[in-house]
Amino acid sequence: MRFIEDVLTGEDQHIADLLDDLVIVFVLSNADGWVAKHPQYESGWQFLGPDGGAPVVPFYERGTDGVFDPNRQAPAVGWINPAHYPAEPLGANLLDDDSGIDSDVPDNIKERVPDQLSIVEHFRSYENLNYGADLHGAIFSSKFVLGLISQDQFDHGQLHELYEFCRNIDSTLEDALDTWTTLAAAQQRLTGELNPTVTGFETLPEEAFDYAGIWDTINYTVSGALLDWMSHPEDLGGLGMTTLDFEMSYSHIIGANVYDPELVQMQVTGYDTAIKTIAEYSAKETTATIETGGATTAYVTSDSLTRSSEDLSFIQNPNQGFVEMEASERFEGTIGPGAPDSRATKRHDFSAVTDADKIEASLSWVPSGQDLEFYLEDADGNRIATAQTADNPETVAATIEPGSDYEFVVETYANVVADYTIDANYFDYTNKQTTTQNEQQSATLGPNEQTTFSWRVGREVNSLSVSVHPQPGTLNAAKLEAPDGTTKRSYDPTQDQGEGAIGMEEWTIDDPVSGEWTVEVTSLMDAKQGEAIVIFGTLASDDNNPDPKDALGYEQRSYEVSPFAYFEDYAPFVDSTVDQLTVADVKNGGASNYDNLVVIHDDAITDSNYVDALDSFVDADGNLVLTDTGTRLLAPMANTFAADITDAHITEETFYIAHLEERFPGHELLEDTRPIQQELWKIQPLGYSTSNQAPMTLLDANAFDAAGGTVAGKTDGKVAAGSITPDSTTGTGIHIIGSLLPPASQANLHPFGLLDHTVAFLGHVMLTNALGYQQNRFVDGERVKNFGDVGSFSVDPSVTATRSDDGDLFTAGQTNQVDLDIAGNTTVLVRDQFPDEWTIVDGDQRTTYTDGDTRHIEFGASVEDGTRTYFVEAPSSMTETRTYEFGPIEYSLDSGNNWIEIEGTADNNNVIGEDTSL
C-alpha cells in the first residue's frame with residue numbers, strides 16, 4: 001500500500017512515468033483470511049473455529065474456513081497432494097463451459113477455496129502478464145529477504161531473464177536495507193524474551209537478500225503453490241510468467257502481531273524496493289546466447305522416456321482393471337557359478353491362486369554386481385514373460401489362468417555364486433476405484449508441552465500426507481511415527497532450517513504400513529500458550545494410476561511429455577549444431593560426426609554393438625556426457641576412462657530432491673555457480689511427490705577416484721557429478737551428472753498434466769560447462785555476465801565448509817559450540833577467525849594466535865572430509881552488547897604458509913551483555 005501511495009502522491013515520479021508503458025496489478029490474495037482487530041474473531045479461530053480461539057486480544061490471521069494455507073490450493077501442473085483442494089475454475093471437465101467460474105467445479109472445492117477460484121479466474125482474464133511476485137512473511141531467517149524461484153520448464157533465455165531479475169533485486173535491496181544487522185534488539189522488543197532457546201528465534205539476518213530455487217532457500221518444496229501455477233505454461237492452465245516468491249523475516253506473526261514501527265518500516269522498505277525494481281526491470285530486454293567455439297553436440301533419444309496420458313490405466317480401462325490381491329508368492333535360493341556355454345539354472349513351481357488374472361514378480365540378488373536372467377513359464381514350458389536386462393531387480397509380468405501351474409526360472413552365465421529372492425503378487429481383473437480422506441485435528445499446547453495426534457491407516461492406502469502448523473507467534477517441533485514406533489519424519493525449526501524458520505514441509509509417505517500413525521508435537525515456547533493443527537490426508541487406489549476424477553473431482557488433462565524437449569529448447573540459443581540421434585544411429589557410427597554426445601538413459605545397455613560405438617566415440621577424443629540412468633553405461637564400457645568401473649560401483653537411489661549435497665567449486669562443472677545452489681531439477685511439476693521419489697544414479701567415490709575421476713559434487717557420500725579426463729586441464733573425456741533429465745512420473749495424482757523437464761539453473765550451467773560452452777547474458781544489448789569459458793577446463797584444489805553453532809543470540813557468559821564441517825578433494829589444514837572479546841574454552845586439538853588484528857583458532861590435524869569443533873564463551877560486560885563476526889573459515893594447502901578464504905562461511909553472533917547464568 002505504501003508503494004501505491006508513493007506513486008499516487010508523486011513521491012516516486014520515476015515509477016509513475018513507467019506506468020505509461022506498463023500496468024501493475026495488485027491482488028490481495030487472501031482477503032477473506034485477514035481479519036484485523038474484529039472482536040468477533042478471537043485469535044486461533046482458524047484452528048478451532050469461532051468458539052475455540054484463545055481468549056486474548058484478537059489478531060489478524062491467515063487462512064480460510066477449513067483450509068489452513070491457501071498457498072497450497074492452486075491448480076498447478078504436476079503432483080497434487082490429495083489432502084489439498086486445487087482451485088480450477090474450469091471445473092471438472094477442464095473446459096471453459098461458462099463465463100466466470102464454471103458450474104461443474106466440485107462442490108468441496110467451491111466450499112473450501114472460493115478465494116483461490118476467484119484469483120485464478122481473475123488472472124486468466126489478462127492477455128499479457130509478464131512478471132509476478134508473491135510477497136510472503138517468514139518467522140526468522142539468516143537473510144532478511146529470500147527470493148524463491150519457481151523452477152519450472154524454462155528454456156535458456158527464460159532462465160537468464162529470471163536470474164538477472166534476481167540479480168537486480170539483490171543489488172537494490174542490499175543498498176536499501178542497511179540496518180538489518182541490528183535486529184537482535186528488534187527481537188527483544190517483539191518477544192520480550194532474550195533467550196533464543198525460549199523463543200526458537202535463534203537465527204538473525206546476516207544478509208539482506210539471497211535467491212535460488214525453493215528447496216535451495218527453504219529446504220522443502222510443496223504442491224499447489226500459487227507462484228508455481230503462475231509460471232506454468234498457458235496451454236496447461238498457467239500464466240506463463242517470470243515469477244519470484246519473496247519471504248521476509250519477522251512477519252506480523254512474530255510477537256503475536258505486536259506493532260513495531262522500526263521493523264514495519266524495514267519491511268515496507270524491503271518490499272517497496274522489490275516492487276519498484278521489478279517494475280523497472282520489466283522495461284528492459286534480457287537476452288542470452290550459448291557460445292560453442294564451433295563444437296557440435298548430439299543427444300541419444302529414446303521413446304521409452306515419453307509419458308502420455310493415453311498410457312494411464314484409468315484412461316485405458318475406465319471402469320475395470322487389475323487390482324492387487326492379498327495373495328503372493330516368495331522363493332529364495334542360491335545360483336551359480338555358470339559359464340558362457342553352460343548356464344546355471346534354478347526353477348520354482350507354483351499354482352496360481354483362485355481369481356488371479358495376472359502376476360507381477362521381481363528377482364533381486366546379492367552381490368548386486370552379478371547378472372541374472374528371469375523367466376516365467378507355463379505348464380507346457382512356454383516362456384510367457386522374459387527379463388534379460390542388466391537391472392537388479394529383474395521384473396516380469398504376465399496374464400495367467402487361476403489354478404494353472406507355472407514356473408519361475410532363474411539363469412546365469414556368470415562364473416560366480418549369487419543369493420536371490422523372488423517376490424510375486426497376484427492381481428484380479430475387477431472393478432476399481434480411487435478414494436481420498438482428509439481430517440484436521442487441533443489441540444492447545446502450554447509452554448514446553450507435548451501432545452500427540454493420531455490417524456488410522458488402512459491396508460488399502462497408497463499414500464499418507466501430513467502437515468503440522470503452529471499458531472502464529474509460536475514454534476513447535478514435530479515428528480511422525482509409524483505404527484511400530486519408528487520415526488519416519490521429523491522437524492525442528494531451530495535445527496532443520498539453516499536459513500531460519502520459513503515454514504514446514506508437508507510430509508508424504510508412500511505405501512504406509514497399516515495401523516495407527518502418530519504425530520508428536522512439542523511446543524518450543526517457554527512462556528506462551530498456543531494451538532497446533534495437524535492435517536492428515538490419505539489416497540487409496542486399486543489402479544496402477546490414481547484417477548483424479550474419483551480423488552478430486554477433476555478429469556485428467558491430456559498430455560505427452562519427454563525430457564528430450566530440453567534439447568529442443570536448448571538448440572535455438574546455440575551458435576552451432578544440436579542434433580538428435582537414435583541408438584541405431586550411434587551403432588552405425590553417427591556420433592563420430594559430433595564433438596559432444598549426451599546420453600540421459602540406459603536403453604540398449606546390454607547391446608554390445610551400441611556400447612562398442614560409445615567406446616569408439618570416446619577413444620576418438622569425443623566428449624561424452626552421461627546423465628541420470630545414462631551413467632550406468634560406464635559399467636559395460638571398456639574405454640580408457642570407464643574400464644575400471646563396474647556395475648557394483650553404481651547405485652540408483654531416491655531422495656526428497658535431486659541435489660548436490662557436497663559441492664566442490666574448484667571443478668569446471670561448477671564454474672560460475674553459487675554456493676546456495678544445490679537443486680538439480682524440481683520434482684513436483686514432473687509428477688514426483690515429496691515422498692523421497694527423486695531418482696539419482698550415483699557412483700562409488702573410491703572407484704571413481706581410482707578411475708582418474710575428479711568430483712564436482714557428492715550426495716550421500718557418493719559421486720553425483722564429476723569428470724574422468726586425461727588430466728585436470730583437459731575437458732574431453734566422460735562427464736557425469738547423476739540426475740538432471742528424468743522421465744516424468746505418472747505414479748501420483750497429476751490431474752492438470754505434467755511438464756517435459758524442470759532443469760534448475762545449477763543443472764543447466766553444469767551441463768553447458770560439461771559441453772565446453774559459454775553462456776552470455778545481455779541486458780538492452782550490453783553483455784552483463786558470462787558463465788564458463790569456451791573450450792576451457794580446469795579442476796583446482798577444492799574445499800568447502802559449512803558452519804553450525806548454538807544460535808545467533810547469546811547472553812553474557814554463554815558458551816557457543818561451533819562445528820566446522822569440511823569437505824574437499826585434497827587434505828588441508830583448517831582455521832577459523834573469532835572475535836577477540838570471546839574466549840576459547842574447549843574443542844579439538846588446536847592453537848590460538850593473533851595475526852595482525854585478527855584472532856585465529858587453527859586445528860592441528862589436517863582434514864579432507866570431516867568436522868572440527870571448538871567451544872567459545874561470549875563476553876560478559878554490558879558494554880560489549882553488540883554483533884560479532886566469526887569467520888570466514890580458511891584452509892591451507894602448504895602447511896599454513898598461505899591461507900585461502902572459503903566464501904560464505906562468515907557468521908554473525910549477537911550478545912546481550914546481561915549475565916543470566918545465575
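Student: Why is valine 711 called buried?

Tutor: In this predicted model, valine 711 has a relative accessible area of 15%, and since buried means under 20%, the residue is classed as buried. Valine 711 lies in strand E33, which covers residues 709-715.

Student: Which residues does valine 711 touch, leaving aside those up to four places away in sequence?

Tutor: Its contacts, judged by heavy atoms within 4.5 Å, are Phe664, His667, Phe704, Val719, Ala721 and Gly722.

Student: How many of the residues in the whole protein chain are buried?

Tutor: Of the 918 residues in the protein chain, 57% are buried.

Student: What makes strands E9 and E14 the edges of their sheet?

Tutor: The sheet is open and antiparallel, with four strands in the order E9-E16-E11-E14. Strand E9 (320-335) and strand E14 (394-399) each have a single partner strand, so one side of each is left without a neighbour in the sheet. Neighbouring strands here are turned by 15° against each other on average, with direction ignored.

Student: How do you know that E9 and E16 are paired, and in which sense?

Tutor: Pairing requires at least two bridges between two strands, and E9 is joined to strand E16 (residues 418-431) over 13 bridges in the antiparallel sense, so the pair meets the criterion. Within this pairing, glutamine 320 stands opposite asparagine 431 in E16.

Conventions
Residues are numbered from 1 along each chain as its sequence is written. This is a predicted model: local features need pLDDT of at least 70, side-chain atom pairs count only at pLDDT 80 or more; totals for chains, interfaces and linings use all residues. Side-chain values use heavy atoms; hydrogens and water are left out. Buried means under 20% relative accessible area, exposed over 50%, partly exposed in between (1.4 Å probe, protein chains only). Helices (H or I, at least four residues) and strands (E, at least two) are DSSP runs, numbered from the N terminus. Axes are lines fitted to C-alpha atoms, for helices over the stretch in contact, and angles run from 0 to 180 degrees between N-to-C directions.
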